Amino acid sequence: MKVTVIGSGYVGLVTATCLAEYGNDVLCLDVDTSKIELLNQGGVPIYEPGLEEMIKRNRAASRLRFTTNIAESVAHGTIQFIAVGTPPNEDGSADMQYVIAAANHIGRHMNTYKVIVNKSTVPVGTGDEVRAVIAAQLALRGLNSSFAVVANPEFLKEGAAIDDFMRPDRIVIGCNDETASDLLHALYAPFVRNHDRILLMDLRSAEMTKYAANAMLATRISLMNELANLAEILGADIELVRKGIGADPRIGYHFLYAGVGYGGSCFPKDVQALQRTANENGIQLRVLAAVEHANLAQKSVIIHKINQRFAGNLTGMHFALWGLAFKPNTDDMRDAPSRVLIEYLLAQGATIAAYDPVAMSEAQRVMPNAIGLHYGEGPLAVLKQADALVVMTEWKAFRSPDFAEMKALLSQAIIFDGRNLYEPQYLAKQGFEYYPIGREQIYPASIARALMAQPSEYDALNMA
């Protein structure tokens, strides 16, 4: 099939490349000239495991092309995917300007039947708005060309997006046009050969499905983080609790890991956007309001632990930081918990040596004025003479380090672990002070009294 994908971000590039991999003729449009020039030169503007190699393979086979020519992109594909960004406005609502702009472009240039597929995460009712915009443009041109608008939300995890697209657990299609439905079934058939996982529903239900899914997952994360804070106070181990509740098939193990809060491009903005949509319709989503509040507070848990350990006096201290991206296998720094920590430590007069396998260039771009933040060539390099190590992203490269070498490099053998990568008792045997999330805190008896005399992380979060 001939397919056009509008947008060359995470969703657009993965969608375009995976469809090309299965033999479709795909043209990817972006109005950002620098992005298209980079892609046409063999570069990739984002980091996603396996994507660069797949793009090169399909470009070489002439199944995947990139352009800034709007008229060409509209003429190319019978199916037109809209995969542009919908960033949050100041009030938490989704910024729809790029989706509407794409719809206007299609309406101005289309001359034959088109299926316009919203792949962007959009508020409920956007499909109707897109249909009206395109119809208005056709009317201005005196045309009566037929078209269909479809909602086809993406469920791609950054860092595993290709696998999610190639082996989807479900494909949601919101559509009331039989021709469009048949075309999309044919397009997605190779991806669901062993088991048909295509869910056909109405447009608005499909649009809401995406927000509902992210809201549910964000809720699991925030609840586990709050339980971890309580477990720490009660002397329970959140890792054992996780295994105990995850064994219940009604709950499962996914998204039950305690940590320093969620970030990225989806959960924060989608939770806010869904609340905004509810408010506009006279409904309060009290659970989601609590989810968002808990997540914002959780990003300060490591800060509270650091302040407890060093009695709030961080001036002149030097910290090593492992992990910058909001999650592993991506360079995405949007709403990353590391940014909250970095901003706080620098404001308190501390310095930081940071390492991340792929996100350091992006960190430099989004934090260009972070005086006191430096980057190292490897995880061990940043440990030299650091007063403590802080782990903020669970990269595989951090899971099995040489603790003896780490201890020799650090000025003080202290680890604040925001991702619970290590076992407390093992770290104790290695001679480390160890401060994980919701697990046993390992510290010398000499500082136990001082720590116990200060408010706990849980108390501090509740007071906040």
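In which sense do strands β4 and β5 pair, and over how many bridges? In this predicted model, β4 (residues 79-82) and β5 pair in the parallel sense, and four bridges link them.

Strand β5 covers residues 114-118 and is mostly covered, with five of its five residues buried. The side chains are divided between two directions: K114, I116 and N118 point one way, whereas V115 and V117 point the other way. Residues on both sides of the strand are buried.

## Neighbouring strands

Helix α5 (residues 97-109) forms a right-handed β-α-β unit together with β4 and β5. A right-handed β-α-β unit is also made by β5, helix α6 (residues 126-140) and β6.

## Packing of α6 against α9

Two packed helices are described by the angle between their axes and by the distance between the axes. For α6 and helix α9 (residues 203-234), the angle is about 125° and the axes are 8 Å apart. This angle makes α6 oblique to α9.

The contact brings T126, G127, D128 and R131 of α6 together with L203, R204 and E207 of α9. By class, one of the residues in this contact is nonpolar, two are polar and four are charged.

Conventions
Residues numbered from 1 in each chain as written. Predicted model: local features only at pLDDT ≥ 70, side-chain atom pairs only at ≥ 80, totals over all residues. Heavy atoms only, no water. Buried < 20%, exposed > 50% of the residue type's maximum accessible area, 1.4 Å probe, protein only. Pairing = 2+ DSSP bridges. Right-handed = clockwise from strand over helix to strand, strands pointing away. Axes fitted to C-alpha atoms, helices over the stretch in contact; angles between N-to-C directions. Parallel < 35°, antiparallel > 145°, perpendicular 65-115°, else oblique. Contact = heavy atoms within 4.5 Å. Nonpolar A, V, L, I, M, F, W, Y, C, P; charged D, E, K, R; others polar.
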